[in-house]
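Hi,

Here is the structure for you to look over.

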Amino acid sequence: MKVLVAMSGGVDSSVAAARMVDAGHDVVGVHLALSATPGTLRTGSRGCCSKEDAGDARRVADILDIPFYVWDFADRFKEEVIDDFVDSYARGETPNPCVKCNETIKFSALSARALALGFDAVATGHYARLADGRLRRAVDIDKDQSYVLAVLTAEQLRHALFPIGDTPKSEIRAEAARRGLAVADKPDSHDICFIPSGDTRAFLGARIGVRPGAVVDSGGAVLAEHDGVHGFTIGQRKGLGIAGPGPDGQPRYVTGIDATTGTVRVGAADDLDVSTLTGEKPVFTAGTAPHGPIEGVVQVRAHGGFADTVAELRDGRLIADLRTPIRGVAPGQTMVLYRPDPAGDEVIASATVTR
């Protein structure tokens, strides 16, 4: 099989490429240039897509003796991921750019080009598993990335490979060291790859500008002024610009954001509890929606936010009625529905939270 491996320059994709070679496939490595200024996007464990990362990927390809290329997707990444991220925050939402990148870049733009060039599949270093075309959690639950892959369609999954999903991260690093790969001890990237400073509020402020509004309590009393709703997310406790806790002496949290009026509402922790989720644009990884209600587990954050649920497709929306409330869910987040299974939780569907 002819396999294109997306090589980020990290240990995970490097071992994924090595395993594809060991399996006897015709392997080609490609590094995605996603930044117009790659020299600025690496600060220790923050950022990615730098010249350093491209060099690390190339050196691994040389050791594996496979062809290696760099494909420039910077313009599309800016349009599909960065601009979407900024626009979502301007609307008072909380998007996940890794989900959007997998949906529009790695398994759409990249996969489409790979198939057009005659490749049979695209392999990545994601921690997830495929069994009979079904997406499942990785063996290493702490590193599991099935959540950010749950937006992939059945057709996209049909041409995807996740060679390291059956192995714990510690063993992946050990394997890289045995293979003589210098990236064996390279730090994992953290936070948002295109904000290496880690200062999301400053990044958004530079692109959205000042859009004044008010911070109000549950009764509508103005507690503070702010420069834009992009500086807030549902569940946020710090940096609200208000003096002290609420009248009950307890901390106050962001409980609602209205981008149209510029209003940020704050309240008690209990105000963050959500019992029903509504998701638009559902994707069913098997290709078709199951009939009737689905008993399962819903997840609303990449590494947290779990609740048992009964979910159902109603009028084109995925509705999840939670058996226990989840705290602090924001519009723009991705909700992922899993079916518990002894062989590894199976991803059933994903949708973008609107309510």
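Predicted model: local features only at pLDDT ≥ 70, side-chain atom pairs only at ≥ 80, totals over all residues.

**Rings, charges and cysteines**

Arg137 lies over the face of Tyr338, 3.6 Å from the ring centre. The rule for a charge over a ring: NZ of Lys or CZ of Arg within 6 Å of the ring centre and within 35 degrees of the ring normal.

Residues are numbered from 1 along each chain as its sequence is written, and side-chain values use heavy atoms, with hydrogens and water left out.

Next, the aromatic pairs. Rings of Phe, Tyr and Trp (its six-membered ring) pair if their centres lie within 6.5 Å; planes under 30 degrees apart are stacked, over 60 edge-to-face, the rest tilted. That gives 7 aromatic pairs. One of them is Phe194 with Phe203: tilted, 5.6 Å between centres, 50 degrees between planes. Both residues, Phe194 and Phe203, are buried (under 20% relative accessible area; exposed is over 50%, partly exposed in between; 1.4 Å probe, protein chains only). Ring pairs also join Phe194 and Phe203 to Phe77, Phe85 and Tyr89 in a cluster.

Last, the cysteines. A disulfide is a pair of cysteine sulfur atoms within 2.5 Å. The count is 0. For Cys101, the nearest cysteine sulfur belongs to Cys193, 6.5 Å away. Cys101 is buried, at 8% relative accessibility. Cys193 is partly exposed, at 23%.

Best wishes
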